[in-house]
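Let's walk through this model together, one question at a time. Have the coordinates open as you read.

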Amino acid sequence: MDQTTLNFIFVGASFALYFGIAIWARAGSTSEFYAAGRGVNPVINGMATAADWMSAASFISMAGLIAFVGYTNSSFLMGWTGGYVLMAMLLAPYLRKFGKFTVPEFIGDRYYSTTARVVAVICLIVISVTYVIGQMTGAGVAFSRFLEVDATTGLFIASATVFVYAVLGGMKGITYTQVAQYCVLIVAYTIPAVFISLQLTGNPIPGLGLFSTHAGTGEPLLVTLNGLLDDLGFNSYTTSTNPWLMALFTLSLMIGTAGLPHVIIRFFTVPKVADARWSAGWALVFIALLYLTAPAVGAMARLNIMTTMWPEGVQGEAVQQEDLPDWFQTWAVTGLLAVEDKNGDGRIQYYNEGSADMQALAAERGWQGNELVTFNRDILVLANPEIAQLPGWVIALIAAGGLAAALSTAAGLLLAISSAISHDLIKSTLNPGISEKGELLAARISMAGAIALATYLGLNPPGFAAQTVALAFGLAAASLFPALMMGIFSKRINSAGATWGMLAGLIVTCLYLFTYLGWFFIPGTNMLENTASNYLFGIPPTHFGPIGAAVNFLVAYLVSNATEEPPQEIQDLVESVRIPRGAGAATGH
Amino acid sequence: MADKSSANAYWAANKRIITISLVIWFFCSFGFGIILRPLIAGIGVGGTDLGFWFAQQGSILVFILLIFNYARYMNSLDREHGVDEQ
């Protein structure tokens, strides 16, 4: 059986499973559509949250980000998990107690202001739409690489699949498909990693293999890796560069994670406040299964690439071009990988041509530049089974896993967008008299609209798609997180304070990003060049989240103290979200 | 909720465990994993130092323990103060 047929069988089987779940878990009420009827077991919700959270970026890109930078990119590992500690202690239990359906709804009620609610809706939509573009294009790429359909067809298949289970089942359908998707993606991620770890270190657990002895050299794996990197002129894998910037970036990812609405709403689906607390712990356990493996995958794949390119060691001759493994050919077709025999010796020399020592060595040995000219970081996880020479079904599993990661996150984001439109804009602002059935229909129509928009943007990705990811995290950190946290932990913050705080955080963050990345990310309109010497206190735009959050906190505090304190019933509301008793009763409107 | 002072004691206890948890959260990620890494550089782990382990794995394991500990503590505190859901 050829590889494409095998891929079709695995992907087809996983999609059939998702459809089956969609038909079984249809939503019959708004409570089921928005919050899965609040009957989800906390462990199951933890698993669904893990799939909701782990996107194409976690599954496909993260190991590559760590592999090619090393220690400094541990920020992603700590940042994308540490946010759950903030969410579990500062937000999730109280928002579950509040017992409504959306994040803007809490902000609107707590700050007794439609303006605050609309500002929150705008932040939510910008954050979620940005994210969903990445998921849709990721799914399109996975389809085109593994199923040999073109990316456009792939994108339509992905959209149609999400349409079936998200429009039919709402949060209920999404929850149970996410559980299935988690199982698919974690198995797909773990199996190749276990084989590679066994090959390199003899240890079947990749997370332990990372700190074990390398079978070939008898030295620790990381020492072997550092030795090869040093021989080829690359930076050491384990040394720090700028700890303060690394800390700031980690904090930015943590606060951003805690403020992401599509993750927060997952905690509205469990029956009790106590369950919301457990569920956050379980979510992190399931996330950690991938996140503890990812750094091992990164380090081992980097090592494998170097030994592939230098089969006799760096002192010997480089690999013959005709001896390159088959996966070089498969990936060269996609343009994500390219070699060029610059000095015409029939061998491919891979080294850091920017290093002065290497330039001297290159002159001595007759090399004319690095010949592995393109190596896209995203290949790493997708090509992992091929690099480790694993059987075809493992490759098919990776295809199904990558699609599961992209689709599960896309569905969660689409639900956050559609509930903000049907519940926060239509039900509460434009047409308060709408019936339960009418609202359910509106929710389904908004969902269909959101999918159409995501598909359109996936087909025509705006040139600024990559930059806007920084915007999504920056906005979540600077707008939603502080407003939610202050709404619970302070009784003094009032309507004016919160609204001005969110606007200040939002505007300062946008201005900082636009200054370096261009107005509304249009290339060429940036006021300052995007280089380290221009940054305010050396802070890159991607690291700005915590500063935006601090501005939000400060403005909210000052404005609130200069104006009247919130009315008594709002102070009573804050008292009531702080204790769990009575959560079951508050599910209505 | 029994009375005002019990409510205040409950909230104060919640804030105390959050503060303690976040101090540990900070030291295991930003501290040992990043800024204080040179201080514990002498302790070797599998070919590198303890700070590298904290940055790539240790911090995540500590985060999990912190959340489960918080859930366990708060769920029993709820019962003690009679504010749990029946």
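A residue counts as buried here if 20 or more other C-beta atoms lie within 10 Å of its own, and as exposed if 12 or fewer do. Please keep in mind that this is a predicted model.

Q: Is chain B more spread out or less spread out than a compact globule?
A: For 86 residues the globule rule gives 12 Å, while the radius of gyration of chain B is 18 Å, well over that value. The box filled by its C-alpha atoms is roughly 55 × 20 × 15 Å along the principal axes. Because its radius of gyration is well over the rule's value, chain B is, compared with a compact globule, more spread out.

Q: What radius of gyration does chain A have, and what would a compact globule with 589 residues have?
A: The secondary structure of chain A comes to 23 helices and 4 strands, and its C-alpha trace spans about 80 × 55 × 45 Å along the principal axes. A compact globule with 589 residues would have a radius of gyration near 25 Å. Chain A agrees with that, at 25 Å.

Q: Which element gives the largest share of the side of chain B that touches chain A?
A: The interface pairs 36 residues of chain B with 42 residues of chain A. On the chain B side, the elements that give two or more residues are helix H1 (4-35) and helix H2 (50-80). That side divides into 22 nonpolar, 10 polar and 4 charged residues. The largest share, 17 residues, comes from H2(B).

Q: How are H5(A) and H2(B) oriented, roughly parallel or roughly antiparallel?
A: The axes of H5(A) and H2(B) come within 9 Å and cross at roughly 10°. Angles under 35 degrees count as roughly parallel, so H5(A) and H2(B) are roughly parallel.

Q: How many charged residues does the contact of H5(A) with H2(B) have?
A: From H5(A) the residues include Leu77(A), Tyr84(A) and Met89(A), and from H2(B) they include Ile60(B), Phe63(B) and Tyr70(B). By class, this contact has 12 nonpolar and 5 polar residues, and the number of charged ones is no charged residues.

Q: How does H8(A) lie relative to H18(A), oblique or parallel?
A: The axes of helix H8 (residues 151-201) and helix H18 (residues 392-430), both of chain A, come within 6 Å and cross at roughly 140°. The crossing is left-handed, and the residues of the contact divide into 23 nonpolar, 8 polar and no charged. Given that angle, H8(A) relative to H18(A) is oblique.

Q: Is Phe98(A) buried or exposed?
A: Phe98(A) is found in helix H5 (residues 74-98) of chain A. Leaving aside neighbours within four places in sequence, Phe98(A) is in contact with Phe106(A) and Val577(A). Because 20 other C-beta atoms lie within 10 Å, Phe98(A) is buried.

Q: Is Phe537(A) buried or exposed?
A: Phe537(A) is found in the loop between helix H21 (495-517) and helix H22 (545-562) of chain A. Its phi is near 50°, a positive value in a residue other than glycine. With 6 other C-beta atoms within 10 Å, Phe537(A) is exposed.

Q: Does Arg38(A) count as buried or exposed?
A: Arg38(A) has its place in the loop between helix H2 (30-35) and helix H3 (42-53) of chain A. Phi of Arg38(A) is near 55°, which is positive in a residue other than glycine. With 20 C-beta neighbours inside 10 Å, Arg38(A) counts as buried.

Methods. Residues numbered from 1 in each chain as written. Chains lettered and ligands numbered in written order. Predicted model: local features only at pLDDT ≥ 70, side-chain atom pairs only at ≥ 80, totals over all residues. Axes fitted to C-alpha atoms, helices over the stretch in contact; angles between N-to-C directions. Parallel < 35°, antiparallel > 145°, perpendicular 65-115°, else oblique. Left-handed = near helix turned anticlockwise from the far one by under 90°. Nonpolar A, V, L, I, M, F, W, Y, C, P; charged D, E, K, R; others polar. Contact = placed C-beta atoms within 7 Å. Rg over C-alpha atoms; globule rule 2.2 N^0.38 Å.
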